[in-house]
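Dear colleague,

Please find the structure below. My notes on it follow directly after.

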Amino acid sequence: MTYTAICTLIALGDDLGQLDKKSVIHSLKVLQQQDGSFQCAPVGSENDMRFLYCACAISYVLNDWRGVNISKAIEYIRSCHTYDGAFSLLPGQEGHGGSTFCAVAALFLMGKIDEVLGSRRKELIHWCVMRQMQGMQGRPNKQEDTCYSFWIGGTLRLLESDHLLDQKALNAFVMDCQIDCVGGFSKLRNGLSPDLLHSFYSLAWLSLSTTSTSKERSINPDGSNMNSFDDTTNAKNEIIQTQQNKTNMSLSNLHSALGIRQERVEMYWNNGA
């Protein structure tokens with residue numbers, strides 16, 4: 001909930017001036033486990049890749065990595081790297097679209113994508129691309145589902161490879177899941193009831209599919225900025241229109257690792273975060 005609350009405040013334009021940042025960072029130290037993963041609460045909580053991502057997102061936004069043992073976090077992410085190139089929630093489990101996004105986004109925020117993926121980067125990209133039917137499935141032999149448009153599409157954006165998707169077909173699938181009579185997006189086609197989670201991730205993907213964000217940045221543990229993409233790609237130096245907006249919607253640029261408006265993240269950073 002801390003991650004969600006902080007991202008919501010940023011999305012609303014808050015400067016986090018009233019946030020007890022010191023206590024938040026201290027809590028991360030308490031929640032990190034010996035294997036490098038994180039619990040979501042001190043007592044009676046699961047610990048897996050989801051909460052490691054949340055800890056990295058909090059540290060990134062607050063520009064303070066003292067609450068995260070980076071080496072142990074990387075060790076945990078590596079332990080969840082599966083035989084087919086994806087990432088699981090826990091060591092030994094099957095790779096999954098949601099946990100793969102959490103792992104790759106955490107690495108991006110730590111500035112460690114190249115260090116950890118190395119020669120297996122292409123293997124991960126292949127796994128992600130192969131999840132496209134028309135929409136995206138979260139695992140092999142599963143139904144396509146609108147939320148994975150973002151989980152896997154966002155992963156490919158962080159890997160600079162979302163152009164490998166058939167974005168026209170994917171957008172068409174997402175729009176087919178829009179429920180005209182009440183609004184919103186459902187998990188699947190065929191008129192299932194819409195919900196807030198799938199509506200959010202459908203719009204998040206549609207935002208990514210029409211624009212390329214350029215000023216996402218990684219923060220080293222010492223607080224300095226670090227570009228995690230190769231400089232030759234210019235991925236952080238330009239805003240590139242990657243596809244015409246086929247849906248006639250005006251959507252804001254999205255910070256693909258945080259899932260909130262890029263403009264709001266920049267506003268927060270420019271105010272002296």
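Ser161 is buried in this predicted model, because its relative accessible area is 6% (buried means under 20% relative accessible area, exposed over 50%, partly exposed in between, with a 1.4 Å probe and protein chains only). Ser161 sits in the loop between α8 and α9; helices (H or I, at least four residues) and strands (E, at least two) are DSSP runs, numbered from the N terminus. The side chain of Ser161 reaches the backbone oxygen of Leu159 at 3.1 Å. Leaving aside neighbours within four places in sequence, Ser161 is in contact with Ile125 and Leu156, where contact means heavy atoms within 4.5 Å.

Some conventions apply throughout. Residues are numbered from 1 along each chain as its sequence is written, and side-chain values use heavy atoms, with hydrogens and water left out. As the model is predicted, local features need pLDDT of at least 70 and side-chain atom pairs count only at pLDDT 80 or more, while totals for chains, interfaces and linings use all residues.

Turning to the whole protein, there are 11 helices and six strands. Buried residues make up 52% of its 273 residues. Among contacts between residues at least 6 apart in sequence, 66% join residues at least 24 apart. The protein exposes about 12,800 Å², of which carbon and sulfur atoms supply 51%; accessible areas come from the Shrake-Rupley method with a 1.4 Å probe, and for residues only the protein chains shown count as cover.

Helix α10 covers residues 196-210, 15 residues in total, and reaches 21 Å from its first C-alpha to its last, close to the 21 Å expected at 1.5 Å a residue (the expected span is 1.5 Å times one less than the number of residues). Of the 15 residues of α10, 11 are buried, so the helix is largely enclosed by the rest of the structure. Among these buried residues are His198, Tyr201, Trp205 and Leu208. The buried residues of α10 pack against α8 (147-158), α9 (167-176) and β5 (254-255). At the start of α10, a side-chain oxygen of Asp195 comes to within 3.1 Å of the backbone nitrogen of Leu197.

Gly154 belongs to helix α8 and counts as buried because its relative accessibility is 0%. Beyond its neighbours within four places in sequence, Gly154 is in contact with residues including Phe101 and Leu208. Gly154 and His255 are 101 residues apart in sequence and 9.5 Å apart in space, C-alpha to C-alpha.

The largest pocket has a volume of about 650 Å³. On a 1 Å grid over the protein atoms alone, a pocket is an open set of points where a 1.4 Å probe fits, with protein on both sides within 12 Å along at least five of seven lines, and lining residues have an atom within 4 Å of a point. Grid points are joined across faces, edges and corners, and the volume is the space filled by probe spheres set on the points. The lining comprises 25 residues, of which Tyr3, Tyr53, Trp151, Phe200 and Tyr201 lie nearest the centre of the pocket. Helices α1 (2-11), α3 (49-62), α5 (97-110), α8 and α10 each supply at least two lining residues, and α1 gives the most, with five.

Leu258 lies in the loop between β5 and β6 (260-261) and is buried, because its relative accessibility is 4%. Leaving aside neighbours within four places in sequence, its contacts include Tyr3, Tyr53, Val61 and Leu109. The C-alpha atoms of Leu258 and Val61 are separated by 9.1 Å, although the two residues are 197 apart along the chain.

Two backbone angles deserve mention. Most residues other than glycine have a negative phi. Leu16, however, has a positive phi near 60°; Leu16 is in the loop between α1 and α2 (21-31) and is buried at 1% relative accessibility. Asn141 also has a positive phi, of about 70°; Asn141 is in the loop between α7 (121-129) and α8 and is exposed at 78% relative accessibility.

Lastly, Gln39 is in strand β1 (residues 38-39) and counts as buried at 14% relative accessibility. The side chain of Gln39 makes a polar contact with the side chain of Gln33 at 2.8 Å; such a contact is a pair of N or O atoms within 3.5 Å, and within protein one must be able to donate a hydrogen and the other to accept it, while residues adjacent in sequence count only if both atoms are side-chain atoms.

With kind regards
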